[in-house]
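Subject: Structure handover

Hello,

Here is the structure for you to open. My notes on it follow below.

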Amino acid sequence: MTKAIPAQAHIVIIGGGIVGCSVAYHLAKLGKKDVILLERHKLTSGSTWHAAGAVGQLRSSANITRLLGYSVDLYDTLEAETGQATGWVRNGSLRLARNKNRRAEFERACTTARSFGLEFQMLTPAEAKERVPLIETKGLDCAAFVPSDGVANPSDITMALAKGARQGGVKIFEDAVVTGIEAENGAVKAVQTNQGRVACDIIVNCGGIWAPELGRMAGVNVPLQPSHHQYFVTEKIEGLARHMPAIRDTDYQTYFKEDVGGLQVGGYEFNPIPFDVPKIPDGHEFKLMEPNVDHFEPLLERAMELVPALRTAGVKTWFNGIESFTEDGMFILGEAPEVKNYFVGAGFNAFGIAAGGGAGRALAEWIVEGEPAFDLWAVDIRRFGDHHRSRRTVLARSLEGQGHHYAMGWPYLESEAARPLRRSPLYDRLKDAGCCFGAKYGWERPNWFAPSGVEARDIYSFDYQNWLPHVASEHKAARSGAAIFDQSSFVKFIIEGPDAEAELQRICANDIAKPVGSIVYTQMLNQKGGIEADVTISRLGEQRFYMVTGTGFATHDGMHLRRSFSSGARVNLHDVTSAYACMSVMGPASRGILQPLAEADLSNAAFPFATCQQIFIAGAPVIASRVTFVGELGWELHVPTEYALTLYDAIKAEGGPDTIRNAGYRAIDSLRLEKGYRVWSVDIGPDYTPYEAGLGFAVRLKKNADFIGRDALIKAKTQPLTRRLVTFSADPSVVLLGRETIYRDGERIGWLTSAGIGHTVGRSIGLGYLRSDKGLDEATLTAAVNYELAVRTRRVPATLHLEPLYDAPGERVRS
């Protein structure tokens with residue numbers, strides 16, 4: 001290792017585990033030479049050295065599966081490239097199911113894998129035993145096998161990455177403890193260490209369990225929780241095949257991996273133990289905690305049931321190490337919103353070896369290019385908000401995330417920890433009305449309403465769930481009468497200043513230079529023309545705009561705006577989410593309900609679609625926006641929070657129980673699918689242009705302003721589409737959830753991004769991208785003889801739709 005730390009470097013990586021070394025390796029591959037890596041002790045310290053080393057690829061996100069697949073491809077060649085042993089073997093992985101629900105989960109995973117191009121084989125218990133003869137198959141329902149998964153020696157593979165990084169010009173320093181971080185004018189300036197100060201342009205925090213502390217040094221929040229994770233390694237077991245497939249017995253919460261003739265046995269308890277300290281104590285770099293056999297004993301008994309040979313095997317080594325976990329089981333990647341050029345790669349939820357290669361490459365590309373090479377929202381640091389600065393909240397939710405590591409992956413699964421946290425002014429009213437709430441971004445949001453005599457509780461299933469008929473009633477109310485939705489969790493920004501219009505024109509693809517009172521639906525794009533945000537912008541004054549975006553996107557969209565504003569622009573951005581409640585009154589009866597309460601004319605002539613007015617309703621000052629996400633006449637009513645209950649009560653009283661009813665987000669989802677409305681991070685995102693997403697109507701290439709992504713769109717418009725978002729429908733008995741594979745005349749051509757059931761049209765509905773180099777124009781698509789969807793490994797007939805299933809002309813929203 002290099003001895004003297006330089007006084008200056010372009011990029012400083014903090015942390016010499018697998019992720020830090022992978023970032024260094026990939027920066028070198030991208031031609032970055034002025035890079036140093038600082039390790040507080042020795043390489044692999046922290047969590048890497050005691051990691052289990054199993055590498056699985058399949059996740060619910062196509063891009064994270066792709067990222068993990070790159071890790072596998074890298075590990076295939078790394079040893080030959082560097083001359084450093086890695087211990088990497090593609091021995092496959094075996095998953096076991098012990099009940100019909102887990103079988104359904106595997107069937108759904110099998111379809112997901114095929115959508116993403118990953119081989120995933122469903123096996124009988126007997127076929128599983130053929131691969132691993134030592135297992136006891138009694139009690140097994142089925143199994144699944146991914147042949148391209150593998151195992152690695154974590155320390156060796158990290159050393160190989162470090163060697164490759166050094167060969168590319170990166171300098172690595174051990175025993176270099178970071179003691180402080182300097183920032184100036186909101187950007188990185190320097191790193192202070194026990195061996196001196198290093199001025200730098202970019203910092204990459206790959207500090208593992210120390211990442212939150214390293215973040216706090218710069219005012220950056222890294223919301224992960226260190227926690228105990230145990231496994232042990234046995235003495236040699238007679239008959240155990242070398243490089244047998246890794247096993248995950250998720251119903252029994254255990255995993256197994258061959259280890260030099262012995263067996264590595266670990267698990268994920270439903271009641272994990274946190275390492276709850278304000279600061280990691282000194283000396284933890286290579287420290288193990290005392291074995292907690294009592295806590296692990298229930299898993300051990302189950303492990304012996306699957307592998308009876310464990311009853312007589314000796315234990316060679318017991319590991320109780322500290323790993324980093326997050327609330328959603330996904331790691332943290334990207335540029336911190338608080339400080340420019342401060343990047344984070346941490347919180348790997350005990351799959352850091354699997355993610356290490358791909359995460360390192362993705363973060364290196366992000367650093368070099370200034371934006372991710374592909375959509376990484378599932379792991380983006382900007383998915384967290386200010387409420388994640390609470391240690392108490394992060395502790396509770398991350399422990400829940402760890403406990404769910406092997407829990408059933410139910411559709412519509414809701415978290416329960418640290419709730420309720422953020423509540424709208426209507427919370428108690430809605431709770432008394434039978435609301436079943438869901439959680440998003442800390443908010444309690446109404447999912448659905450239980451009628452009298454029905455418990456407001458989700459009962460999970462891979463088939464239609466218990467709330468379906470109640471959501472159908474809410475849906476029908478919005479279509480035939482009126483429904484009121486509490487959407488107070490909408491993120492709301494005020495953008496104002498002399499340069500506000502000019503800056504929004506440069507950032508948005510649509511034309512924002514509209515008269516006061518206009519509402520513009522628009523996307524904000526990246527340089528590649530991909531969709532970075534999907535918003536509505538209301539013009540409240542000549543220099544004042546009101547932007548509304550989705551609940552979970554406050555940090556993401558706020559950072560995108562701030563980083564996109566021109567230097568010196570006279571424009572200010574204010575997050576006013578908590579200042580305004582929002583209730584949407586939607587349905588053909590909405591005008592009749594609101595008009596008697598409103599001190600303004602709500603007729604179509606006086607208040608047309610896509611306009612807003614600041615008026616009084618029931619005495620409350622309201623920003624009334626005539627927009628919809630359900631496909632009906634209606635208004636979003638943004639009201640100061642102190643007036644919210646007055647407004648809600650007046651609307652409910654005016655409409656009466658026979659005309660207006662409470663409705664929730666599950667009804668919104670059903671209603672919007674019938675209209676083909678897109679959701680950012682689900683149906684649209686940075687990987688897709690507005691043309692591919694069917695949103696070209698919201699692009700104004702000829703407006704009197706250049707805008708971010710315009711050049712890419714001009715180029716894209718001259719080329720035929722190779723991806724196109726369309727709608728499919730199927731018989732309503734078919735449960736569609738998203739990620740189902742699309743087949744055209746027997747050929748796999750894409751997958752669904754979101755799905756549900758349309759209660760008005762009486763069909764199961766899914767949105768999804770078709771992918772083909774052979775043309776996706778209307779004539780080609782409609783010439784296909786047969787479209788099918790693979791649903792839990794079974795193919796069902798499907799109908800292609802190039803227009804919304806409900807009110808395609810949009811007459812109802814403009815009525």
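In which loop is Pro-420 found? Pro-420 lies in the loop between helix H9 (391-403) and helix H10 (427-432). Helices here are DSSP runs of H or I with at least four residues, strands are runs of E with at least two, and both are numbered from the N terminus. The peptide bond from Arg-419 to Pro-420 is cis, with omega near -10 degrees. Most peptide bonds are trans.

Before you read on, two notes on the source. This is a predicted model, where local features need pLDDT of at least 70 and side-chain atom pairs count only at pLDDT 80 or more, while totals for chains, interfaces and linings use all residues. Residues are numbered from 1 along each chain as its sequence is written, and side-chain values use heavy atoms, with hydrogens and water left out.

Overall picture

The chain has 18 helices and 37 strands. Its radius of gyration, taken over C-alpha atoms, is 27 Å, close to the 28 Å that the globule rule (2.2 Å times the number of residues to the power 0.38) gives for 815 residues, so the chain is as compact as a globular protein of that length. The C-alpha atoms fill a box of roughly 80 × 65 × 55 Å, taken along the principal axes. Buried residues make up 62% of the 815. Buried means under 20% relative accessible area, exposed over 50%, and partly exposed in between, with a 1.4 Å probe and protein chains only.

Cores

The largest nonpolar core has 53 residues. Such a core is a set of buried Ala, Val, Leu, Ile, Met, Phe, Trp, Tyr and Cys residues joined through side-chain atoms within 4.5 Å. Ile-13, Phe-331 and Leu-376 are among those with the most contacts inside it. Elements that each supply at least two of its residues include strand S1 (8-14), helix H2 (62-82) and helix H8 (352-369). H8 gives the largest share, 9 residues. Leu-376 touches Ile-64, Leu-67, Leu-333, Ala-362 and Trp-366, not counting residues up to four places away in sequence; contact means heavy atoms within 4.5 Å. A second, separate core of 35 residues includes Ala-211 and Phe-384.

Two asparagines

Most residues other than glycine have a negative phi. Asn-185 has phi near 55 degrees, and Asn-349 has phi near 50 degrees. Asn-185 sits in the loop between strand S9 (178-184) and strand S10 (187-193). At 80% relative accessibility, Asn-185 is exposed. Asn-349 sits in the loop between strand S18 (342-346) and H8. At 1%, Asn-349 is buried.

Best regards
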